[in-house]
Amino acid sequence: MNEFRVAEKFVSINGESRRAGELAVFIRFVGCNLNCSYCDTAWAIPGDAPHEIMSLEKLLEYADTSGVTNVTLTGGEPLLQKGIEDLTAELIGRNHKVEIETNGAVSIKGMKELSDSLNLTDELSITLDYKCPSSLMENRMLMDNYDYLRSYDTVKFVVGNKADLDRAKEITEKYRLREKGIMIYFSPVYGMLEYKEIVEYMIENKMNNIRFQLQQHKIVWNPDARGV
């Protein structure tokens with residue numbers, strides 16, 4: 001029986017990525033294989049961080065009774081959870097749309113195979129982070145992941161300075177993300193980079209088909225609030 005280590009679960013707006021501004025059921029798991037300099041959920045990094053053990057059936061029941069279609073699986077790092085493919089498939093089978101927020105240091109190949117086997121389109125969306133230099137985790141990125149992205153997936157660059165923006169531009173061009181129709185977001189590290197600097201960089205470099213993104217939940221609520 002699949003069991004999952006759940007740090008918190010709640011319903012809120014999706015603060016970022018493809019379905020930003022829409023309601024979503026959030027399921028946050030504990031445990032992450034990275035330790036980014038700017039992590040805003042560092043309390044969920046340890047595998048033994050406070051959590052509850054929940055069965056697949058209990059998580060499905062929670063999502064089903066929420067009355068909300070979108071489900072966001074996040075962390076920590078959700079792809080470290082055993083049985084995450086089963087949970088994803090079951091949620092989709094119950095007419096939920098699933099977004100998985102993953103840190104770029106765990107393979108998404110299994111999710112691509114799941115998508116292919118079920119002939120999925122936007123029922124499953126991967127939001128794949130690229131950790132830029134200011135994260136201090138860039139050397140952990142698995143670049144094979146870019147072979148498994150679909151047009152329904154997203155690459156998110158969290159940027160804290162000009163060097164991060166330059167690297168985001170380099171990766172976008174090297175892996176031809178725009179040409180493949182993959183959604184691309186530039187998202188500022190909260191409190192580190194003025195928003196206008198990102199927009200001015202995009203204008204200067206004529207960066208069509210790239211979206212500037214704010215973490216909406218940090219605007220609506222206290223930036224340090226949990227469960228929102």
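**Reading the helices, the core and the loops**

Modeller: Let us begin with a pair of helices: the axes of helix 1 (residues 56–66) and helix 2 come within 10 Å of each other and cross at roughly 35 degrees. The model is a predicted one.

Biologist: How is the packing of two helices described in general?

Modeller: Two numbers are used for packed helices, namely the angle between the axes and the distance between them.

Biologist: At what angle do helix 2 and helix 3 pack, and how far apart are their axes?

Modeller: Helix 2 (residues 84–93) packs with helix 3 (residues 109–118) at an angle of about 35 degrees, and their axes are 10 Å apart. The crossing of helix 2 with helix 3 is right-handed. Here I84, E85, T88 and A89 of helix 2 meet G110, M111, L114 and L118 of helix 3. The residues of that contact comprise five nonpolar, two polar and one charged.

Biologist: Which residues of the largest nonpolar core touch the most other members?

Modeller: That core has 57 residues, and those touching the most other members are F29, L73, L87, Y146, F157, L177 and F186. For Y146, leaving out residues up to four places away in sequence, the contacts are L128, D129, Y130, V155, I171, Y175, L177 and K180.

Biologist: Let us turn to the loops. Is S135 buried or exposed?

Modeller: S135 counts as buried because its relative accessible area is 0%, and buried means under 20%. S135 is placed in the loop between strand 6 (124–131) and strand 7 (154–159). Its side chain reaches the backbone oxygen of C132 at 2.7 Å, and a polar atom of the S135 side chain lies 3.0 Å from the backbone nitrogen of M137. Beyond its neighbours within four places in sequence, S135 is in contact with N35, C36, S37 and Y38.

Biologist: What joins the side chains of E138 and R167?

Modeller: They are joined by a polar contact of 2.3 Å. E138 also lies in the loop between strand 6 and strand 7, and it is buried, with a relative accessible area of 19%.

Biologist: Where is V189 placed?

Modeller: V189 is in the loop between strand 8 (183–188) and helix 5 (195–204). Leaving out residues up to four places away in sequence, V189 touches Y38, V158, V159 and G160.

Biologist: Which peptide bond is cis?

Modeller: The bond from G75 to G76 is cis, with omega near 20 degrees. G76 is found in the loop between strand 4 (70–74) and helix 2.

Methods:
Residues are numbered from 1 along each chain as its sequence is written. This is a predicted model: local features need pLDDT of at least 70, side-chain atom pairs count only at pLDDT 80 or more; totals for chains, interfaces and linings use all residues. Side-chain values use heavy atoms; hydrogens and water are left out. Axes are lines fitted to C-alpha atoms, for helices over the stretch in contact, and angles run from 0 to 180 degrees between N-to-C directions. Helices (H or I, at least four residues) and strands (E, at least two) are DSSP runs, numbered from the N terminus. A crossing is left-handed if the near helix is turned anticlockwise from the far one by less than a right angle, and right-handed if clockwise. Contact means heavy atoms within 4.5 Å. Ala, Val, Leu, Ile, Met, Phe, Trp, Tyr, Cys and Pro count as nonpolar, Asp, Glu, Lys and Arg as charged, and the others, Gly among them, as polar. A nonpolar core is a set of buried Ala, Val, Leu, Ile, Met, Phe, Trp, Tyr and Cys residues joined through side-chain atoms within 4.5 Å. Buried means under 20% relative accessible area, exposed over 50%, partly exposed in between (1.4 Å probe, protein chains only). A polar contact is a pair of N or O atoms within 3.5 Å; within protein, one must be able to donate a hydrogen and the other to accept it, and residues adjacent in sequence count only if both atoms are side-chain atoms.
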